[in-house]
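Biologist: I have a structure open and want to learn how to read it. Where do we start?

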Amino acid sequence: MMETKETPGKTKIAVSTPIQVGGNVITPEQLTVIASAAGPEAHIEITPFRQIYVEIAAQEKEKVTEQLQQAGLQVYPAGAVVKGLIVCQFCKGAEDAGLATAQAIHQAIAGAATPVPIKVAYAGCALGTSEPLLKDIGVVKMKDTFSIYVGGEPKGIKTAIAEPLAEGLKEEQVIPAIMKVIDFYKSNAKGKEKFAKFVRRMTLEKIREAAGVAVSPNA
């Protein structure tokens, strides 16, 4: 999805529901709050990455944000940032599927400025219903450990499956590794270079070195 420019005098915010069992679940009340807070003139767009873009008058941003947050919704910047974490439905249960881990990842990365928008997905098991291997960065929980994949590209005629960056990670290793990858990208990307292209240019070996991880526990 292309990031559209904002209208003069307007600002765009990204609204999402919390990371929760059931995945991307929104209540009728929350939908009503979005419509009411944004007003009849707002431009509302459903995105493919678990967020709703709402374009509102710039002077209304603080008030609208507060109303949305009071309804249990989360508000982040739109545009060239790390998008809210795209998650599975946690069908194996909150503990087995790592709900707390996903929530922590989301809190750490969502809204961080990047050269181009970055999509990160989390799956609580190998079923991968959040399609982590088609995202820029994918995290998959494998029983008691985690695997990280990088470089997925779902669009265009040159689609690509993400490649394994690290396997067998402990929970406490996941967020630092992701943050190091994002920081490495921000420091070394050429202009508005897509993340998937960056991964292939820099090579997995260099990105692993920057993240301080290995492809497998025995690598």
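Modeller: Buried means under 20% relative accessible area, exposed over 50%, and partly exposed in between, with a 1.4 Å probe and protein chains only. This is a predicted model: local features need pLDDT of at least 70, side-chain atom pairs count only at pLDDT 80 or more, and totals for chains, interfaces and linings use all residues. Residues are numbered from 1 along each chain as its sequence is written, and side-chain values use heavy atoms, with hydrogens and water left out.

Biologist: Where do Phe 195 and Phe 198 lie?

Modeller: Both are in helix H6 (residues 195-202), 3 residues apart, about one turn of the helix. Helices (H or I, at least four residues) and strands (E, at least two) are DSSP runs, numbered from the N terminus. An α-helix has 3.6 residues a turn, so residues three or four places apart point the same way.

Biologist: How do I read an aromatic pair?

Modeller: A pair of aromatic rings is described by the distance of the centres and the angle of the planes. Rings of Phe, Tyr and Trp (its six-membered ring) pair if their centres lie within 6.5 Å; planes under 30 degrees apart count as stacked, over 60 as edge-to-face and the rest as tilted. The whole structure has 6 aromatic pairs. In one of them, Phe 49 and Tyr 53 have ring centres 5.8 Å apart and planes at 70°, so this pair is edge-to-face. Phe 49 is buried at 0% relative accessible area, and Tyr 53 is buried at 1%.

Biologist: Why is the pair of Phe 195 and Phe 198 tilted?

Modeller: Their ring centres are 6.2 Å apart and the planes meet at 35°, so the pair counts as tilted. Phe 195 and Phe 198 also form one aromatic cluster with Phe 184 and Tyr 185.

Biologist: Which residues of H5 are buried?

Modeller: They are Val 174, Ala 177, Ile 178, Val 181, Ile 182, Phe 184 and Tyr 185. Seen down the axis of H5, the buried residues fall within an arc of 160°, so they line one face of the helix. The arc is that of the directions from the helix axis to the C-beta atoms. On the other side of H5, Glu 172 and Ser 187 are exposed.

Biologist: What do the buried residues of H5 pack against?

Modeller: Their partners include helix H4 (99-109), strand E9 (163-169), H6 and helix H7 (204-211). Contact means heavy atoms within 4.5 Å.

Biologist: At what angle do H6 and H7 pack?

Modeller: The angle is about 100°, with the axes 6 Å apart. Axes are lines fitted to C-alpha atoms, for helices over the stretch in contact, and angles run from 0 to 180 degrees between N-to-C directions. H6 and H7 are therefore roughly perpendicular. Angles under 35 degrees count as roughly parallel, over 145 as roughly antiparallel, 65 to 115 as roughly perpendicular and the rest as oblique.

Biologist: And backbone angles?

Modeller: Most residues other than glycine have a negative phi, and most peptide bonds are trans. Thr 203 has a positive phi of about 80° although it is not a glycine. Thr 203 sits in the loop between H6 and H7, and is partly exposed at 30% relative accessibility. Arg 50 also has a positive phi, near 70°. Arg 50 lies in the loop between strand E2 (43-46) and strand E3 (52-57), and is buried at 9% relative accessible area.
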